[in-house]
Amino acid sequence: MVLPPLNLFEYEKQAQEHLDTAVWDHYQGGSDDEVTLRACRDAFAQVWLRPRALVDVSSCDLRTTVLGTPISVPVLVAPTGGQGLAHSEGELATVRGAGAAGTLMVVAMFSTRSLEEIAQQATGPRWLQLYVRSRAQTRHVVQRAQAAGYQALVLTVDSPRPARCERDWRNGFAGFPFGNYDEAEFIDPRATEGDKALIQDAVTWEMLDWLRSLTSLPIVLKGILTAEDARFALEHGVAGLIVSNHGGRRLDGSVPALMALPEVIEAVAGRCEVYLDGGIRRGTDVLKALALGARAVLVGRPVLWGLAVNGEQGVRHVLSILSQELETAMALAGCPGVKQIHSSLVRQRGTFGSREPASL
Ligand SMILES: Cc1cc2nc3c(=O)[nH]c(=O)nc-3n(C[C@H](O)[C@H](O)[C@H](O)COP(=O)(O)O)c2cc1C
């Protein structure tokens, strides 16, 4: 008898049994030598918590808001393309699972179901992730997103070119059907083998002003890792930033998101919301990211594992495990609510004797 997974790592193991090797590798893999992929996880072990004693934590409040939208836990579903490879219902199961868990899904533009179908099944809030290939296509998809009730646009900016995801090349990964587009529109002749390549290498900051002129939806940039870009983003009127290296799937050697977070938080100085993704697997990881200034985190692969193991229920269970772990961690750390989580809760590994909140 297979026991229900106790934690996200057990989901990971069970998911592998449900997926073909090529799909498993596509989901799990990173770029080049996967240095950043591993570092994303390792970064959490470099941060220590400073729990406070004798605080009334008889109930811990996990609720928060993102861009004004209430959610029951500060954990969002990250955009991941190709969810139909994990489960026949793909994104439809994920959006229902996210809604049941009381949180928000960021729907990937490269979903296997159309953004309208996904919106119809949604019981919770959702944002739409975009890549910009051409202005005409982008205008069209923004109009569709607005009509279907998406509440924000998440523009991914870490992907001017496809990266070298060599596991996919080695496996001859066949890709997946596009739910929103005619695939031919997106294949670039310069794409390397195995990539359904999207190349947006001529896109610059001006495009953001153009995008803002198209829509009143708030715009969140995904893939920011530096204070410099955070400041540019603010000048171009973004509502939020996702500190992310695409789960180690783009520039290998780029800084783990958790390490980049403090400089982005400092640069932003409260002028927009900042979120983080990459390597979140435990409630204590969420707590550390929030203590370092993130308003919420996003999870990518763990949602795919839940989806592969048990569809909508699996997604819901993965998110509820993270919620329960976060609740326990907050109680043990003396934090009765998300609002009470601040930088004095963490210190960097190896810094002894300092009473200052650590920065990475
Ligand atoms: C299989 C897969 C597909 C992804 N597709 C997209 C995508 O289409 N757009 C995007 O912005 N990010 C995409 N990402 C990156 C995720 O949004 C997120 O940044 C990353 O998965 C977070 O790391 P984690 O998997 O360790 O939680 C993808 C990630 C994976 C694993």
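Ala, Val, Leu, Ile, Met, Phe, Trp, Tyr, Cys and Pro are counted here as nonpolar, Asp, Glu, Lys and Arg as charged, and the others, Gly among them, as polar. The model is predicted, so local features need pLDDT of at least 70 and side-chain atom pairs count only at pLDDT 80 or more, while totals for chains, interfaces and linings use all residues. Residues are numbered from 1 along each chain as its sequence is written, and side-chain values use heavy atoms, with hydrogens and water left out.

**View 1. The lining of the second largest pocket.** The lining divides into 14 nonpolar, nine polar and five charged residues. A pocket is found on a 1 Å grid over the protein atoms alone, as an open set of points where a 1.4 Å probe fits, with protein on both sides within 12 Å along at least five of seven lines; lining residues have an atom within 4 Å of a point. The second largest pocket has 28 lining residues, and Val-157, Asp-158, Ser-159, Pro-160 and Gly-223 lie nearest its centre. Strand E7 (153-156), helix H8 (205-214) and strand E8 (219-224) are the elements that give two or more residues to this lining. Helices (H or I, at least four residues) and strands (E, at least two) are DSSP runs, numbered from the N terminus.

**View 2. Ile-224 in strand E8.** Ile-224 is counted as buried because its relative accessibility is 2%; buried means under 20% relative accessible area, exposed over 50%, and partly exposed in between (1.4 Å probe, protein chains only). Contact means heavy atoms within 4.5 Å. The C-alpha atom of Ile-224 is 9.6 Å from that of Leu-276, which is 52 residues away along the chain.

**View 3. Tyr-131 and Arg-249, two positions in an annotated binding site.** The UniProt annotation "binding site", from an unreviewed entry, covers Tyr-131, His-246 and Arg-249; UniProt positions are given in the numbering used here, feature names are shortened, and annotations may be inferred rather than shown by experiment. Tyr-131 sits in the loop between strand E6 (126-130) and helix H6 (135-147), and is buried at a relative accessible area of 9%. The side chains of Tyr-131 and Arg-250 make a polar contact (3.4 Å). A polar contact is a pair of N or O atoms within 3.5 Å; within protein, one must be able to donate a hydrogen and the other to accept it, and residues adjacent in sequence count only if both atoms are side-chain atoms. Arg-249 is in the loop between strand E9 (240-243) and helix H10 (257-268), and is buried at 17% relative accessibility. A polar atom of the Arg-249 side chain lies 3.1 Å from the backbone oxygen of Tyr-27. Beyond four places in sequence, the residues that Arg-249 touches include His-26, Ser-31, Cys-165 and Arg-301.

**View 4. Gln-14 in helix H1 (residues 8-18).** Gln-14 is buried, with a relative accessible area of 13%. A polar atom of its side chain is 3.0 Å from the backbone oxygen of Leu-3. Apart from neighbours within four places in sequence, Gln-14 is in contact with Val-2, Leu-3, Pro-5 and Val-309.

**View 5. Helix H11 (residues 283-291).** Eight of the nine residues of H11 are buried, among them Asp-285, Leu-287 and Lys-288. Gly-293 follows H11 and has a positive phi, near 120°.
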